[in-house]
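Here is a briefing for a reader who is new to this structure. Look through the model first, then take the topics in turn.

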Amino acid sequence: MADTKKEHYVPRCYLENFEDAEDRIWVYDKVLMDEPRHQLRINIGFENYFYDIDFNVLLSKMDEEKQEEIKQDVKKITGIDNWDLITSTILKPKYIEKEYMCKLEDLYGPFLKRIIGKSYGGNDWVIKNCSPFSEDEKLILAIFLAVQIVRTKTYRDNLRQVIEK
């Protein structure tokens, strides 16, 4: 498995819908307040190793009693009694990126395309009088939006501050 360096907190399948004929997107950095830049999708909304978590490093920062408590909790949650098996599969540093976010985007990309396609077929009467989404599509969209809120850098920074306090 290749090492992923650029890990996007804004899904690439979302960003591709804003690309122009040059496969680029106009972006504005609201922190730096620079002029808008014309960038490739791969270079937008990412941070190097953003989702990588080395669980053993986190554990090493705890006292031994707390480490053992956490290990027992993880074993109970996963139903796996072998700690080495847990750390070599579920708790791999790339697990979130490779086993969760990539698979989620594989589902989200085509779904988003369908939703966008439906919106182009609507006129004012259809938009005002018809539901553009089925109840199932609303649920799927709600799940993707909830995941997107949690996967942002701001959410992570806020969570880190709460945990530290």
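How much accessible surface does the protein have, and what percentage of it belongs to carbon and sulfur atoms? The accessible surface comes to about 12,000 Å², and 58% of it belongs to carbon and sulfur atoms. Such areas come from the Shrake-Rupley method with a 1.4 Å probe, and for residues only the protein chains shown count as cover.

This is a predicted model, in which local features need pLDDT of at least 70, side-chain atom pairs count only at pLDDT 80 or more, and totals for chains, interfaces and linings use all residues. Residues are numbered from 1 along each chain as its sequence is written, and side-chain values use heavy atoms, with hydrogens and water left out.

**Overall build**

- The protein has eight helices and four strands. Helices (H or I, at least four residues) and strands (E, at least two) are DSSP runs, numbered from the N terminus.
- From the N terminus on, the order of elements is β-α-β-β-β-α-α-α-α-α-α-α.
- The radius of gyration is 20 Å, whereas a compact globule of 165 residues would have one near 15 Å. This radius is taken over C-alpha atoms, and the globule rule is 2.2 Å times the number of residues to the power 0.38.
- The C-alpha trace spans about 65 × 40 × 35 Å along its principal axes.
- Of the 165 residues, 23% count as buried. Buried means under 20% relative accessible area, exposed means over 50%, and partly exposed lies in between (1.4 Å probe, protein chains only).
- Among contacts with a separation of 6 or more, 64% join residues 24 or more positions apart. A contact means heavy atoms within 4.5 Å.

**Charge**

- There are 26 positive and 31 negative side chains. Lys and Arg count as positive, Asp and Glu as negative; His and the chain ends are not counted.
- The centres of the two sets lie 2 Å apart. Each charge is placed at NZ of Lys, CZ of Arg, CG of Asp or CD of Glu.

**Nonpolar cores**

- In soluble globular proteins, nonpolar side chains tend to be buried together.
- A nonpolar core is a set of buried Ala, Val, Leu, Ile, Met, Phe, Trp, Tyr and Cys residues joined through side-chain atoms within 4.5 Å.
- The largest such core here has twelve residues, among them Y9, C13, F50, Y51, L112 and F144.
- Two or more of its residues come from each of α5 (95-120) and α7 (135-150). Helix α5 gives the most, with six.
- A second, separate core has six residues, including F55, L59, V74 and I86.
- V147 belongs to the largest core. Beyond its neighbours within four places in sequence, V147 is in contact with Y100, M101 and L104.

**Loop residues**

- D23 sits in the loop between α1 (12-15) and β2 (24-27). Its phi is near 60°, a positive value in a residue other than glycine. D23 counts as partly exposed because its relative accessibility is 46%.
- Y49 is in the loop between β4 (46-48) and α2 (55-60). Its phi is also positive, near 55°. At 37% relative accessibility, Y49 counts as partly exposed.
- D54 is placed in the loop between β4 and α2. At 39%, D54 counts as partly exposed.

**Strand residue H38**

- H38 lies in strand β3 (residues 37-40). Its relative accessibility is 22%, so H38 counts as partly exposed.
- Not counting residues up to four places away in sequence, H38 touches D20, E22, R24, I25 and W26.
- The C-alpha atoms of H38 and W83 are 47 Å apart.
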